[in-house]
Amino acid sequence: MSQVTVRINGFSYAVGCKEGQEKHLQAMAQEVERRIERIRELGGHSGEGRLLALAALLMADEIHDLTAEKMSSDTAHQLAQGRQARIENERRAEQLAHLVERAENIADALEED
């Protein structure tokens, strides 16, 4: 287990992480810091707790949008697969109808003999 000190909103926090994840943890802290800066630019000069809560809400909103986008993409993919399956089933139904017609023709020809 490794420990990294990250700076968020001017405060240092010691955070534990798995070995090799230190840079990732630093990058996540920078993402939080970017959101805090964005809130400050919009005129949000309030306490640390409020800034962190707003940053968390911004990140949650981004996650929600990404999740909705992925679900939409997955749904579109599923619909395309469904259309392809219907086309395939229609093709098979046509082949089966053709085979039934051929079998009936053969049966009719055998009955005539």
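**View A. Glu 88, with a relative accessibility of 23%, counts as partly exposed, and Glu 88 forms a salt bridge with Arg 91.** The structure is a predicted model, in which local features need pLDDT of at least 70 and side-chain atom pairs count only at pLDDT 80 or more, whereas totals for chains, interfaces and linings use all residues. Residues are numbered from 1 along each chain as its sequence is written, and side-chain values use heavy atoms, with hydrogens and water left out. The closest N and O atoms of Arg 91 and Glu 88 are 2.2 Å apart, a salt bridge being a side-chain nitrogen of Lys or Arg within 4 Å of a carboxyl oxygen of Asp or Glu. Because Arg 91 and Glu 88 stand three residues apart in helix α2, about one helical turn separates them; helices (H or I, at least four residues) and strands (E, at least two) are DSSP runs, numbered from the N terminus. Arg 91 is likewise partly exposed, with 37% relative accessibility. Elsewhere in the model, salt bridges with shared partners join Glu 31, Arg 34, Arg 35, Arg 38 and Glu 62 into one network, and a search of the whole structure finds seven salt bridges.

**View B. Arg 35, in helix α1 (residues 22-41), forms salt bridges with Glu 31 and with Glu 62.** The closest N and O atoms are 2.4 Å apart in the pair with Glu 31, and the two residues are separated by about one helical turn because they lie four residues apart in helix α1. In the pair with Glu 62, the closest N and O atoms are 2.3 Å apart, and this pair links distant parts of the chain, since Arg 35 belongs to helix α1 and Glu 62 to helix α2, 27 residues apart. Arg 35 counts as buried, at 11% relative accessibility, where buried means under 20% relative accessible area, exposed over 50% and partly exposed in between (1.4 Å probe, protein chains only). Its two partners are partly exposed, Glu 31 with a relative accessible area of 28% and Glu 62 with 25% relative accessibility. Leaving aside residues up to four places away in sequence, Arg 35 touches Ala 55, Leu 58, Met 59 and Glu 62, contact being heavy atoms within 4.5 Å.

**View C. Arg 34 also lies in helix α1 and counts as partly exposed, at 46% relative accessibility.** Arg 34 and Ile 8 are 26 residues apart in sequence, and their C-alpha atoms are 9.4 Å apart in space.

**View D. Asn 9 lies in the loop between β1 (2-8) and β2 (11-17) and has a positive phi.** The phi of Asn 9 is near 55 degrees, a positive value in a residue other than glycine. Asn 9 is buried, with a relative accessible area of 10%. When residues up to four places away in sequence are not counted, Asn 9 touches Glu 33, Ile 36, Arg 40, Glu 48 and Leu 51.

**View E. Leu 96, Leu 99 and Val 100 form a nonpolar patch on the surface.** Together these residues have about 270 Å² of accessible area, as given by the Shrake-Rupley method with a 1.4 Å probe, in which, for residues, only the protein chains shown count as cover. Patches are made of residues with over 30% relative accessible area and no salt bridge, like charges being joined within 9 Å and nonpolar side chains (Val, Leu, Ile, Met, Phe, Trp, Tyr) within 5 Å. Leu 99, one of the residues of this patch, lies in helix α2 and is partly exposed, with a relative accessible area of 48%.

**View F. A negative surface patch is made up of Glu 101, Glu 104, Asp 108, Glu 111 and Glu 112.** Asp and Glu count as negative and Lys and Arg as positive, while His and the chain ends are not counted; the place of a charge is taken as NZ of Lys, CZ of Arg, CG of Asp or CD of Glu. Glu 101 is located in helix α2 (residues 48-112), and Glu 101 is partly exposed, with a relative accessible area of 47%.
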